[in-house]
Amino acid sequence: MHESHILKNYDAELARLGQELEAMGAAAAAQLEAALRALEQRDDAAAERVIAADAGIDARESELSHDVLRLLALRQPVARDLREVLAALRIASDIERVGDLAANLAKRCRVLNTQPAVPAAAGLRPMADFAIRQLRDVLRAYVQRDVALAIAVRERDAELDRLHTELFRALLAWMAEDSSHIGAGTHLLFIAKNIERIGDHATNIAENVWFIEHGETPLEAREKRDASSSLGD
């Protein structure tokens with residue numbers, strides 16, 4: 001009876017970890033959406049709210065990391081239980097980075113708002129929508145332990161790479177038209193790269209869903225279509 005009680009408590013702790021990650025991920029996705037709206041609407045107050053809210057995501061990641069370490073010390077999980085706990089730690093770190101990247105976007109939004117409106121900024125929307133979909137889908141894959149959906153997210157990352165490369169080229173061409181575009185264009189390039197990196201974090205989460213189910217079974221290297229780093233060669 002005592003052992004059964006311990007196992008039930010442990011299962012409850014694992015379930016709570018999952019719920020905390022789900023809430024943290026939803027907050028990060030909302031942050032990204034809010035940051036993009038602030039950019040499109042040139043809304044400094046909204047950008048400031050995104051920046052301020054990042055501390056909440058950081059605090060959640062810190063608390064979850066503490067909970068994971070406590071579980072490791074007290075329960076000493078093995079096999080799948082150990083994979084669940086380790087994956088939670090990794091996923092929390094990826095979500096925290098998504099929050100940081102959304103806050104960085106909001107900070108650049110404040111700078112862009114000091115300059116005339118930039119039509120080229122509209123090109124960020126398709127990328128951001130895709131990244132948000134990736135993030136929401138992979139969080140659903142984690143909650144439901146849906147490996148097929150996780151792998152689909154991982155494979156779709158190549159499309160986000162492609163969108164980033166297209167936007168990178170368009171921004172470089174726009175900056176080349178007029179030297180006065182360089183300042184704003186540079187901020188937009190950094191924002192686009194941040195959105196592409198959010199896709200990479202979604203892919204990391206997808207790989208952790210695989211890890212939970214299959215252990216260290218290696219996955220093939222994923223396709224990359226981001227050619228922006230080679231465009232200056």
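**Entry 1: ground rules.** I am working with a predicted model, in which local features need pLDDT of at least 70, side-chain atom pairs count only at pLDDT 80 or more, and totals for chains, interfaces and linings use all residues. I number residues from 1 along each chain as its sequence is written, and side-chain values use heavy atoms, with hydrogens and water left out.

**Entry 2: the whole chain.** I looked up the secondary structure and found six helices and zero strands, where helices (H or I, at least four residues) and strands (E, at least two) are DSSP runs numbered from the N terminus. Along the sequence the pattern reads α-α-α-α-α-α. I then checked burial: 48% of the 233 residues are buried (under 20% relative accessible area; exposed is over 50%, partly exposed in between, with a 1.4 Å probe and protein chains only). I also looked at contacts (heavy atoms within 4.5 Å). Of those between residues at least 6 apart in sequence, 85% join residues at least 24 apart.

**Entry 3: helix 4 on helix 6.** How do helix 4 and helix 6 pack? Helix 4 covers residues 124-144 and helix 6 covers residues 182-214; their axes lie 9 Å apart at an angle of about 20°. I note that axes are lines fitted to C-alpha atoms, for helices over the stretch in contact, and that angles run from 0 to 180 degrees between N-to-C directions. The two helices are therefore roughly parallel to each other (angles under 35 degrees; over 145 is roughly antiparallel, 65 to 115 roughly perpendicular and the rest oblique). The crossing of helix 4 and helix 6 is left-handed, meaning that the near helix is turned anticlockwise from the far one by less than a right angle, while clockwise would be right-handed.

I listed some of the residues that make this contact. Helix 4 brings, among them, Leu 124, Met 127, Ala 131 and Val 138, and helix 6 brings residues including Leu 188, Ile 191, Ile 195 and Val 209. The contact of helix 4 with helix 6 divides into 18 nonpolar residues, one polar and one charged. For the classes, Ala, Val, Leu, Ile, Met, Phe, Trp, Tyr, Cys and Pro count as nonpolar, Asp, Glu, Lys and Arg as charged, and the others, Gly among them, as polar.

**Entry 4: other neighbours of helix 6.** I went on to helix 3 (residues 79-112), whose axis comes within 9 Å of that of helix 6 and crosses it at roughly 170°. That makes helix 3 roughly antiparallel to helix 6. Their contact has 18 nonpolar, six polar and nine charged residues.

Helix 5 also packs on helix 6, at an angle of about 170° with axes 9 Å apart. Helix 5 is thus roughly antiparallel to helix 6. Here I noted 21 nonpolar, six polar and eight charged residues in the contact.

**Entry 5: charged pairs.** How many salt bridges does the structure hold? I found 18, each a side-chain nitrogen of Lys or Arg within 4 Å of a carboxyl oxygen of Asp or Glu. Side chains of opposite charge can pair when their charged atoms come close.

Asp 137 is buried at 13% relative accessible area, whereas Arg 133 at 42% is partly exposed and Arg 140 at 39% is partly exposed.

Next I looked at Arg 154 and Glu 207, a salt bridge with the closest N and O atoms 2.8 Å apart. Arg 154 lies in helix 5 (residues 147-177) and Glu 207 in helix 6, so the pair ties together parts 53 residues apart in sequence. Arg 154 is buried, with 11% relative accessible area, while Glu 207 is partly exposed at 26%.

**Entry 6: His 214.** Last, I looked up His 214, which is found in helix 6. His 214 is partly exposed at 38% relative accessible area.
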